[in-house]
Amino acid sequence: METSTAEKGKSVSDPHAPYTLFKSDVSYFSGKMEAYLRYKGIPHVPTEINNDIMDPVYAATGVKKVPAIQTADGKWLFDTTPMIQWFEQRYTVAPVLPPDPALAFVALLIEDYGDEWLWRPAMWWRWMPRASRWALGWRIAASNMPKAPSRLLGWVFARRQLQEWLWKDGMTKENSDTVRDMLFREFEFLEPLLKEQSFILGSHPSTADFGYFASMFRHFGNDPDSAEVMRQQAPNTYEWLARLWNLRIDKCPAKQAWTWPEADYWGPLLARIAKDYLPYLHQNALAYQDGKKTFDYQGATFEFRRSITTTYRVWCREVLQERYVALSDSDRQRVSALFALHGGLSALFADGTIVSGLADRYRLPIDPEASAPFKQSLKLKLNGQPRN
Ligand SMILES: N[C@@H](CCC(=O)N[C@@H](CS)C(=O)NCC(=O)O)C(=O)O
């Protein structure tokens with residue numbers, strides 16, 4: 001007999017289960033979290049959000065964002081990266097962090113890159129082509145505020161996304177095609193890799209797969225224009241999306257086989273992380289330290305003048321630095337040798353640690369005594385929360 005995920009949850013000896021997953025089915029980070037929970041067989045009840053549900057989510061987590069999770073015993077979790085690590089401590093079968101600490105660091109770095117760097121092209125492909133803009137704007141408005149005029153609200157939301165994430169964040173008419181083509185750069189890496197092996201770091205999904213999955217599943221593989229581009233140009237990546245979405249640990253061989261990322265096709269990704277993403281995190285952190293709202297980002301391949309300074313990404317960099325420092329000397333040497341051929345890791349440590357002040361906020365579960373309930377400003381109520 002089939003049982004629902006919620007019923008199954010009751011039989012698991014986890015005092016926090018089942019989990020209520022607040023998510024949206026077109027959301028980048030919701031897709032990442034949902035795929036992880038499904039793969040690990042973690043008992044959860046997916047709950048589609050609307051405007052009203054977002055008020056309690058904000059009151060509890062302090063960000064008006066999905067995914068967020070409420071545990072059966074009333075605790076709250078948020079932000080996919082620390083949430084996955086929180087679950088990994090409790091659901092230890094088929095870990096998504098490889099046991100080799102050096103490879104685990106690489107997995108976390110790729111997860112972070114997937115989360116943050118691919119957001120910009122994901123915004124481009126969703127909000128720049130007209131068919132996608134209209135379809136997704138309408139879809140998001142209709143599901144969040146079913147009684148409101150969806151076409152108008154969809155238009156307003158699409159405009160907010162275009163402004164906030166593209167035009168006000170370093171995109172110009174001149175470099176718009178470059179943002180679009182960031183997707184093709186990913187296929188150059190993913191296609192030969194996924195032709196050869198099932199998941200990014202080997203036989204089983206790692207946290208690197210979930211980081212990539214965020215943009216690839218709910219955006220590129222879903223939105224009208226990019227989905228067709230993917231079917232035509234990246235069939236191995238398209239197949240990997242379905243493979244990961246439909247995977248459960250009980251369907252996988254127990255033994256995980258991990259691969260050190262040194263094959264030639266890793267070159268473009270390792271170089272992009274070393275020469276574009278880590279310099280971006282560094283320059284963003286410097287701008288934050290100097291109290292600048294925007295900064296002129298310059299990497300080896302990309303230039304985004306007047307990018308918005310993001311505190312959250314200062315924290316991302318801090319976490320990566322801590323992880324790297326915690327490695328043994330020999331593991332640090334292996335990671336550093338891997339990147340040395342592609343530009344090195346110097347940008348990760350340039351100007352030392354710049355503290356975001358967010359470390360306590362992202363310690364899970366949220367301590368309600370210390371923080372909640374968070375109160376919304378009128379602006380937040382009307383506009384939602386594009387940034388944190
Ligand atoms: N770093 C967060 C990001 C979550 C996030 O940005 N969620 C988006 C949807 S994919 C959101 O809820 N945005 C709210 C808004 O734009 O108003 C995570 O990993 O969960």
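Reader: How do the residues of the shell around the ligand divide into nonpolar, polar and charged?

Author: Keep in mind that this is a predicted model. The shell splits into 5 nonpolar, 5 polar and 4 charged residues. That makes 14 residues surrounding the ligand, and the closest are Ser27, Tyr28, Lys65, Thr80 and Gly384. Two elements each give two or more residues to this shell: helix H2, residues 28–40, and helix H4, residues 80–90.

H2 lies across strands S1 (19–23) and S2, and its direction makes an angle of about 150 degrees with S1. Those two strands belong to an open sheet of 4 strands, ordered S2-S1-S3-S4, with mixed pairing. Its edges are S2 (44–48) and S4 (76–78), each of which pairs on one side only. On average, neighbouring strands here are turned by 25 degrees against each other, ignoring direction.

Now for the core. The largest nonpolar core holds 100 residues, and Ala107, Leu109, Phe213, Ile273 and Leu278 have the most contacts inside it. Take Leu278: leaving out residues up to four places away in sequence, Leu278 touches Ile273, Leu345, Ala347 and Leu348.

Last, a hairpin. S5 and S6 form it, with 4 residues between them. S5 covers residues 294–298 and S6 covers 303–308; they run antiparallel, joined by 4 bridges. Within that pair, Tyr297 sits opposite Phe304 of S6.

Methods. Residues are numbered from 1 along each chain as its sequence is written. This is a predicted model: local features need pLDDT of at least 70, side-chain atom pairs count only at pLDDT 80 or more; totals for chains, interfaces and linings use all residues. A residue is near a molecule or strand if its C-beta atom, placed from the backbone, lies within 6 Å of it. Ala, Val, Leu, Ile, Met, Phe, Trp, Tyr, Cys and Pro count as nonpolar, Asp, Glu, Lys and Arg as charged, and the others, Gly among them, as polar. A nonpolar core is a set of buried Ala, Val, Leu, Ile, Met, Phe, Trp, Tyr and Cys residues joined through C-beta atoms within 7 Å. A residue is buried if 20 or more other C-beta atoms lie within 10 Å of its own, exposed if 12 or fewer, and partly exposed in between; C-beta atoms are placed from the backbone. Two residues are in contact if their C-beta atoms, placed from the backbone, lie within 7 Å. Two strands pair if DSSP finds at least two bridges between them. Axes are lines fitted to C-alpha atoms, for helices over the stretch in contact, and angles run from 0 to 180 degrees between N-to-C directions.
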